[in-house]
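Have a look at the model below, then work through each task before you read its solution.

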Amino acid sequence: MDTMTAMIERNTVAINTPGAAIDRKQPIRERATRYLLAGLRLALGWIFLWAFLDKVFGLGFATEAKNAWLNGGSPTKGFLTFGAAGPFQGFYNGIAGAAWADWLFMIGLAAIGTALMLGIGVRVAAAAGGLLLVLMWTAALPPTNNPFMDDHLIYAGVLALLAVTNAGDTWGAGRAWARLPIVKRFGWLR
């Protein structure tokens, strides 16, 4: 065995790629990338899920207990009334505190966070999460520290990356999810 072959074999690991022939060896760099993307997926999932939990229970981080959704508070009223600025301020002020907006926002946070944490439906979660983040970005234009760029757009880009790389397969149930007949039929559910 030559030196190059020995180096390649030393720097590979076994994996199972769904939907393709079993690839028994993968470079460590690719394995590290999968783990990094899985970590980013879990981190973003926790951001969405935590926002949901804090707003429901008023855990005292962004939402005080007296303003919790369970205590009759509105998860959209405060920010959309007082935090909205820029060209869409009137639109966001108009929907602030509306029951449909509260429910849609909270269901979105919970569903996106749960899907990302479990690694299932990552493409749908990424699309919905990206839309939610872009809407949040438009609620306060221009950003305070940059002419146009802020963390909402960065997170939306990371969500897109997670969707196109099947990041739910590592440390998640993405592979099992991909084997479901409906997901096989409609790949966008992956």
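**Exercise 1. An aromatic pair**

Does Trp 171 count as buried or exposed, and at what relative accessibility?

Solution. Before the first step, note that this is a predicted model, where local features need pLDDT of at least 70, side-chain atom pairs count only at pLDDT 80 or more, and totals for chains, interfaces and linings use all residues. Residues are numbered from 1 along each chain as its sequence is written, and side-chain values use heavy atoms, with hydrogens and water left out.

Step one is the cut-off: buried means under 20% relative accessible area, exposed over 50%, and partly exposed in between, with a 1.4 Å probe and protein chains only. At 52% relative accessibility, Trp 171 is therefore exposed.

Step two is the backbone. Trp 171 is not a glycine, yet its phi is positive, at about 55°.

Step three is the partner. Rings of Phe, Tyr and Trp (for Trp, the six-membered ring) pair if their centres lie within 6.5 Å; planes under 30 degrees apart count as stacked, over 60 as edge-to-face and the rest as tilted. The structure holds 5 aromatic pairs. In one of them, Tyr 35 and Trp 171 are stacked, at 5.0 Å centre to centre with 10° between the planes. Tyr 35 belongs to helix H2 and Trp 171 to the loop between H7 and H8, so this pair ties together parts that are 136 residues apart in sequence. The helix names come from DSSP runs (H or I, at least four residues; strands are E, at least two), numbered from the N terminus. Tyr 35 itself is partly exposed, with a relative accessible area of 29%.

**Exercise 2. Another pair and a cluster**

How do the rings of Trp 69 and Trp 103 pair?

Solution. Start with the geometry: the ring centres of Trp 69 and Trp 103 are 4.8 Å apart and the planes are at 65°, so the pair is edge-to-face. Trp 103 is exposed, its relative accessible area being 51%. Finally, look for a group: Trp 46, Trp 50 and Phe 61 make up one aromatic cluster.

**Exercise 3. Following helix H2**

How far does H2 reach from its first C-alpha to its last?

Solution. H2 has 30 residues and reaches 42 Å, close to the 44 Å expected at 1.5 Å a residue. That expected span is 1.5 Å times one less than the number of residues. Now look at its buried residues, among them Leu 37, Leu 44, Phe 48 and Phe 52. The buried residues of H2 pack against H5, H6 and H7, where contact means heavy atoms within 4.5 Å. Just after H2, Gly 58 has a positive phi of about 60°. Further on, Thr 63 lies in the loop between H2 and H3. Thr 63 counts as buried at 10% relative accessibility, and its contacts, leaving out residues up to four places away in sequence, are Asp 54, Lys 55, Gly 58 and Ala 68.

**Exercise 4. Pocket and cavity**

Which residues lie nearest the centre of the largest pocket?

Solution. First, the terms. On a 1 Å grid over the protein atoms alone, a cavity is a set of points where a 1.4 Å probe fits but cannot get out; a pocket is an open set with protein on both sides within 12 Å along at least five of seven lines; lining residues have an atom within 4 Å of a point. Grid points are joined across faces, edges and corners, and a volume is the space filled by probe spheres set on the points.

Second, the pocket. Thr 76, Phe 105, Leu 109, Leu 132 and Met 136 lie nearest its centre, out of 36 lining residues. The largest pocket holds about 1000 Å³ of space, and H5 gives the most to its lining, with 8 residues.

Third, the cavity. The count is 1 cavity of 30 Å³ or more, and the largest cavity has a volume of about 50 Å³. H6, H7 and helix H8 (174-178) each give two or more residues to its lining.

**Exercise 5. A cis bond**

Which residues does a cis peptide bond join?

Solution. The bond joins Leu 141 and Pro 142, with omega about -15°. To place it, find Pro 142 in the loop between H6 and H7.
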